Amino acid sequence: MEFGMILILFVASIPTILAEDISYGTIVVDGTTSIAQTDDNFVCATIDWWPHDKCDYKQCPWHYTSAITLDLCHPILTKAIQAFNRLRIRIGGSLQDQVLYNVGNLKSPCHPFRKMKHGLFGFSKGCLQMKRWDELNHFFNATSVMLTFGLNALYGRHKIKGSLWGGEWDSSNAEDFIKYSISKGYQIDSWEYGNELSGNGVGAHVHADRYGKDLIHLKKIIKELYKGSQFEPLLVAPGGFFNQQWFTKLLQVSGSNVLDAISHHIYNLGAGSDPKLVSKILDPNHLNKVANTFINLARTVQTHGPWSSAWVGESGGAYNSGGPHVSDTFVNSFWYLDQLGMASKYHTKVYCRQTLIGGNYGLLNATTYVPNPDYYSALLWHRLMGKTVLAVGSDASPFLRSYAHCSKGRIGVTLLVINLSDQTKIITDVQNGMNNNIKLATEQQNISRKSFSWCLKNTASGAEIKASSDKYSYREEYHLTPKNGYLQTRTMVLNGIPLELTSTGNIPRLDPIRVNVKSPISISPLSIAFIVFPDFVAPACR
């Protein structure tokens, strides 16, 4: 009786099983040549200047996370940064050009930020005391942080008309600050000049020709002050939204070998209050739009400043502190990881996420310091994806996003795959473009079961991926899904295990599952996976 009932239930479920929406395809990775190179420390996160009373949409999500008030003694903060081994951090943000450094012959009173009706962004000028600067550097040294610090580019200037600022930049405060940092032996990887003053700016802007002359002046200061030092920090600018005419002029005026990295900001999801934020994140067409920015900036650098490199100095997805209950949840990783992949493909050396902590888009919760889902996405990328970027082609569903890099710290290739479809499981094999002449049917969205089976049987994808030996018969998979299937959960699940701090407050282990290298890869709807092929033959990775 019991067996009969089970049989009836199974037969009844057959139509559902057969009707399951599955898309088949092939991903081809070309390991013969590199299409781009990132920096070894590509993943970066920011610490901002916003005070606790910075509010958007009737909520104040910053709490005490600014460079001035952040609790540097919090054990989770220390452990979260140390998990990266060496994390790049950028200190900067909207109030950067109102920060005074209380050192040397400062010509203005140095007081904390306070709300001011007619102040830039609604705040007064603020003060960085050298005692706090010492504390920050001791913390960064203890956690092996690679630091980029954004300097005030409006000091000494005045508003001319509208948002246009003019007058000469007074470099004295910045110079005294740099001198102090050198005297203390603080290791600054790079000094960034200004924040969002390019083009029409955000709140304020400065003409490109004047900005370029400032960079020449600042470069001379840096060279003079670091003369005889073993290490000279990079000069980065302008930390603003890409405007081709303005950026071109900046490179032309500043000239050869002045600007080491040209930084831009991206918030391609729009306002944090947008009710369509989640649908934008899951829309491949929307995600594709920002590619033009990367492409045009890469061309501008190649044509007018080949001595420089492109950085994303700040990117939080949604502006105005991010989207409540979106930017700090699992669904945001679809945007974040896709943009890391896209940025690296288009010659971006460094990508700074807004923020490490603070606002709705922090990698860490602003009050508990507990990691949000994007923290684990960043950590997995940092650990698995090397700096050499490889070309990827696919005939799979347009909802499947795929990126490939040489693996980090080991031989082989790591593939990132993102399934944006809410209904379709994607089953794909991975082939080595070096060993076949496959022409991808890019317009065909679904390959039949028969053709897919034939593909597996006749191309022997496992044999193409592995080297001449049978040392590795497996691949390593890291599947990321939302807890209980809820996209806006703050708990990410790795291979079925929720990622939560251990009982002692440590970052959990991020362990893969091992899968037969010859078996097809299965990517569930609305999920993400890193796939490591330890024996993928890729001359570009040697």
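Predicted model: local features only at pLDDT ≥ 70, side-chain atom pairs only at ≥ 80, totals over all residues.
Let me begin with the cysteines. A disulfide is a covalent bond between the sulfur atoms of two cysteines. In this structure there are four of them, and if we number the bonded cysteines of the protein in sequence order, the pairing reads 1-6, 2-3, 4-5, 7-8.

Next comes the disulfide between Cys55 and Cys60, with a sulfur-to-sulfur distance of 1.9 Å. Its torsion about the S-S bond is 90°, and the link is right-handed. Here Cys55 is partly exposed, at 32% relative accessibility, and Cys60 is likewise partly exposed, with a relative accessible area of 36%.

Then we have Cys406 and Cys541, joined by a disulfide with 1.9 Å from S to S. This pair, again, links distant parts of the chain: Cys406 belongs to strand β17, residues 400–407, whereas Cys541 lies in the segment after β25, which spans 527–533, and the two cysteines are 135 residues apart. What is the handedness of this disulfide? The torsion about the S-S bond of Cys406 and Cys541 is about -85°, so the disulfide is left-handed. Its two ends fall into separate accessibility classes, because Cys406, at 6% relative accessibility, counts as buried, while Cys541, with a relative accessible area of 28%, is partly exposed.

One further cysteine deserves a mention here, namely Cys73, which at 70% relative accessibility counts as exposed.

Let me now turn to the helices. Two packed helices are described by the angle between their axes and the distance between the axes. Helix α6, residues 244–254, packs against helix α9, residues 291–304, at an angle of about 25°, and their axes are 10 Å apart. An angle under 35 degrees counts as roughly parallel, and α6 and α9 are therefore roughly parallel to each other. The crossing of α6 past α9 is right-handed. On the α6 side the contact is made by Gln244, Phe247, Thr248, Leu251 and Gln252, and these meet Asn296, Leu297, Thr300, Val301 and His304 on the α9 side. Sorted by class, that contact comprises four nonpolar residues, six polar ones and no charged residues.

Finally, I would like to show you Trp49, which is found in the loop between β2 and α2, the latter being residues 75–82. Is Trp49 buried or exposed? At 1% relative accessibility, Trp49 counts as buried. If we leave aside the neighbours within four places in sequence, Trp49 is in contact with a set of residues including Ser66, Ala67, Ile68, Ile91, Leu95, Val99, Phe113, Leu128 and Phe149. Trp49 and Tyr64, for their part, are 15 residues apart in sequence, and their C-alpha atoms are 9.9 Å apart in space.

That is where I will stop, and I am happy to take questions.

Conventions. Residues numbered from 1 in each chain as written. Heavy atoms only, no water. Disulfide = S-S within 2.5 Å. Buried < 20%, exposed > 50% of the residue type's maximum accessible area, 1.4 Å probe, protein only. Helix = DSSP H or I, 4+ residues; strand = E, 2+ residues; numbered from the N terminus. Axes fitted to C-alpha atoms, helices over the stretch in contact; angles between N-to-C directions. Parallel < 35°, antiparallel > 145°, perpendicular 65-115°, else oblique. Left-handed = near helix turned anticlockwise from the far one by under 90°. Contact = heavy atoms within 4.5 Å. Nonpolar A, V, L, I, M, F, W, Y, C, P; charged D, E, K, R; others polar.
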